[in-house]
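Subject: The two-chain model, with notes

Hi,

Here is the structure I promised to pass on. Could you have a look at it, and then read the notes below?

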Amino acid sequence: MSTAKQGDSNALRRWTVPAVCVLAAGGYLAVFLATGHVAAAIGSAAIMLLYGTILVIFSRRSEVAALLRDDGRDERRAAIQLRATAVMGLVIGVFALTMAFVELAQGHGPGDWGTICLVGGGAFLAAIVFFARRG
Amino acid sequence: MRNDVRELRAGKALSQQALGVSLGVSRQTINAIEQGRYDPSLPLAIKMARFFGLAVEEVFHVDGEAR
């Protein structure tokens, strides 16, 4: 990859998360206003915009903010992102599995928790197969 | 894994930021490598060694191995 292309890619990446924050703010605003929840619309949009603004302001000074913004990626930061994503997946998986068992123990079906477990387990299996074959 | 990055960088009168820019990594990554909190990948280790005009094993030392 040429330096110019890499620079473009880095610039694009560092503005992706703030752009997603703006889009999410717009989405919350539209959905909540459409359902008549004006306070929730303004509050949710403000939180997303505030979050995006904080990341933009502090990503130069704080590595945590830079990681959350995906700014200035290098191999160590990529490894941190990967481990953080793995921890998040593990926590969600354990939580969904626990809740599915709670539902079953109460005499109900696993419901949405079961669906999350199925999708998560399937994705994990598919990823293991894919990355094992890719080497 | 121990390394001599801090001494080599000081020898060239470079800041962590300047070395990071030269190697395409963040200042915090240079700091983590110097403190032994992060072992760089083989490509980055080679890049660092070449930057200082040394072989990888002259910059990075496996723990317990004599220099």
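Let me start where the chains meet: nine residues of chain B are in contact with six residues of chain A, a contact being two residues whose C-beta atoms, placed from the backbone, lie within 7 Å. On the chain B side, the largest share comes from helix H3 (residues 27-34) of chain B, with three residues. By class, that side of chain B has four nonpolar, five polar and no charged residues. Here Ala, Val, Leu, Ile, Met, Phe, Trp, Tyr, Cys and Pro count as nonpolar, Asp, Glu, Lys and Arg as charged, and the others, Gly among them, as polar.

A word on conventions. This is a predicted model, in which local features need pLDDT of at least 70, side-chain atom pairs count only at pLDDT 80 or more, and totals for chains, interfaces and linings use all residues. Residues are numbered from 1 along each chain as its sequence is written, while chains are lettered from A and ligands numbered from 1 in the order in which they are written.

Now chain A. The secondary structure comes to five helices and zero strands, where helices (H or I, at least four residues) and strands (E, at least two) are DSSP runs numbered from the N terminus. The mean pLDDT of chain A (the predictor's confidence in each residue, from 0 to 100) is 91, and 94% of its residues reach 70 or more.

Chain A has a radius of gyration of 20 Å, whereas a compact globule of 135 residues would come out near 14 Å; the radius is taken over C-alpha atoms, and the globule rule is 2.2 Å times the number of residues to the power 0.38. Its C-alpha trace spans about 60 × 50 × 25 Å along the principal axes. The domain assignment, which is automatic or from a database, gives domain 1 (1-73) and domain 2 (74-135) of chain A, and their C-alpha centres lie 25 Å apart.

Helix H5 (residues 111-134) of chain A reaches 35 Å from its first C-alpha to its last, close to the 34 Å expected for its 24 residues at 1.5 Å a residue, the expected span being 1.5 Å times one less than the number of residues. The number of buried residues in H5(A) is one, so this helix lies largely in the open. Just after H5(A), Gly135(A) takes a positive phi of about 85 degrees.

One buried residue to look at is Ser59(A), which has 21 other C-beta atoms within 10 Å. Ser59(A) sits in the loop between H2 and helix H3 (63-69) of chain A. Leaving aside residues up to four places away in sequence, Ser59(A) touches Ala65(A), Ala66(A), Arg69(A) and Asp71(A).

Chain B reads β-α-α-α-α-α-β along the sequence. Its radius of gyration is 11 Å, which agrees with the value near 11 Å for a compact globule of 67 residues. The C-alpha trace of chain B spans about 30 × 25 × 20 Å along its principal axes, and 22% of the residues of chain B count as buried.

Best wishes

Methods
Buried ≥ 20, exposed ≤ 12 C-beta atoms within 10 Å, placed from the backbone.
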